[in-house]
Amino acid sequence: MTVATSDATYNRPMAWKRRGETTLGLTTILHAFTHAYQGILVPLYLLMVADLHLAGVKQAGLLVTVYMLVYALGSYTAGVLADHVSRRDLLGYGIIVNALAIALMGLTRNYNLLLLLAVVGGLAGTLFHPAANSLVPAHFPKSPGMAIGMLGIGSGLGFFLGPQYAGWRAQTATWHFAHVGNWQRPCVEMGLAGAVFGVIYLFFAREARAKGHASHPHAPPRRLISADQRIRVLSIGLILGCRDFAGVASFSLASIYLQKAMGYDARQTGFILGVMMLLTIVANPLAVWLSPGNRRLPTMIGILLVGAAIIATVPLWSKSFVLPVLIVFQAAHLGSYAVSDAAMLERVPTEVRGRVVGLFLIVASTLAAISPWCMGFWTDSFGADASRQMRYMPPFVALGVLMIVAAFSAPLIARLGKPIEHAINPLAEISPTMETVV
């Protein structure tokens, strides 16, 4: 009996490790689906305008804006849920509903219904980051920052596959069902794939070990975020959110620029938009790995400034160089997400990470959400000049300026506290800025 108990005790840490690795892998794929859905409509803007008889690109961009605006405004509520109920269930059921909303977009040409489905998709999508950014680091308490970096692989993968697949299938898919249009087929296909994966996720993903969970017999008092901490996180969201606006705006602006000024079709545009995200699959974990401890925030500043310098020059490059330039920019842009997320989340305890992420996103993602419509509105105003490359210089420079502004968030992130994974005293992971209640 003693030997059996000893073996069970000995094997338990390895089982926890395998559970964490499996959950990290599955959540990374789920991350890819989440961002693929955010980018799936972007290379299809012009096809949608023609098929739905819309009054300009701004109406097509409005669908993405509505999706992301709801995604943003629901973030704090999602964060509260992530700190109180099963994070795994939120992620699994969230991706299923999100996926079905995208699939249904492929079955209707009613613009008002498309707007409603964008709302549904946004409500489901908002569950991802608060739940995932809490669940994954909880599986790796000794290195939460690196876990976030690995999770970030999914963002690059999703932004690569979403537009890539959408542009390709819009041009090549030939199946017919209920008068589905060319731009709708990739929505149906990717939506159904995501729903199936959601079921798989619910079967195989696992919650982290219940350390300090409310159901644990020796659980500590539940932590609340202090007023000072809320103000700091909201301030970070406001300033760093300039990067979020610039990044999402660059995606829509690049799509419009490539098709109107460079003459690419939807398939070619989808290919470029997808490939420009490919390097970020490596950049996200690499940026976190290269910036431990005190190097995290200086690295973030450097990445943002490099991204700013690059995005402002896009109209100066010929067709031969525009793809490499966009690849380098997106490596910097999305790499900064992994570094900034790691810098914030390793400074707060796991019990409040959902709400911290939610507070940040409700500001930053709201700013990002309005960018597709803004880019559509701005470029619609070009009229006949929309075919000239240099006409796009002002919006690209404006995005560069926003990336520079985002770098000023670093001192505010530093004030959140000392990184948990580098604390000498394990008890130091309880932030002095957190309040407790019985």
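Predicted model: local features only at pLDDT ≥ 70, side-chain atom pairs only at ≥ 80, totals over all residues.

Colleague: OK. Is glycine 376 buried or exposed, then?

Modeller: Buried. Its relative accessible area is 0%, so glycine 376 falls under the 20% cut-off.

Colleague: Which helix is glycine 376 found in?

Modeller: Helix α17, which covers residues 371-380.

Colleague: And what is glycine 376 in contact with, leaving aside neighbours within four places in sequence?

Modeller: Val57, Lys58 and Ile256. There is also alanine 249, 127 residues apart from glycine 376 along the chain. The C-alpha atoms of that pair are separated by 9.5 Å.

Colleague: Switching to helix packing. At what angle do α9 and α10 pack?

Modeller: About 130 degrees, with the axes 8 Å apart. Helix α9 is residues 153-172, and helix α10 is residues 185-204. That angle makes α9 oblique to α10.

Colleague: Is the crossing of α9 and α10 left-handed or right-handed?

Modeller: Right-handed.

Colleague: Which residues make the contact?

Modeller: From α9, Gly162, Tyr165, Ala166, Arg169 and Ala170. From α10, Pro186, Glu189 and Met190. By class, the residues of this contact are five nonpolar, one polar and two charged.

Colleague: Now α14 and α18. At what angle do they cross?

Modeller: Roughly 170 degrees, and their axes come within 8 Å. Helix α14 spans residues 296-311 and helix α18 spans residues 393-406. The two are therefore roughly antiparallel to each other.

Colleague: Who's in that contact?

Modeller: α14 supplies Leu304, Leu305, Gly307, Ala308 and Ile311. α18 supplies Phe396, Leu399, Gly400, Met403, Ile404 and Ala406.

Colleague: Last topic, confidence. What is the mean pLDDT of the chain?

Modeller: It is 84, and 88% of the residues reach 70 or more.

Colleague: Where does pLDDT stay under 50?

Modeller: Residues 1-12, for one.

How values were computed: Residues numbered from 1 in each chain as written. Heavy atoms only, no water. Axes fitted to C-alpha atoms, helices over the stretch in contact; angles between N-to-C directions. Helix = DSSP H or I, 4+ residues; strand = E, 2+ residues; numbered from the N terminus. Parallel < 35°, antiparallel > 145°, perpendicular 65-115°, else oblique. Left-handed = near helix turned anticlockwise from the far one by under 90°. Contact = heavy atoms within 4.5 Å. Nonpolar A, V, L, I, M, F, W, Y, C, P; charged D, E, K, R; others polar. pLDDT = per-residue confidence, 0-100. Buried < 20%, exposed > 50% of the residue type's maximum accessible area, 1.4 Å probe, protein only.
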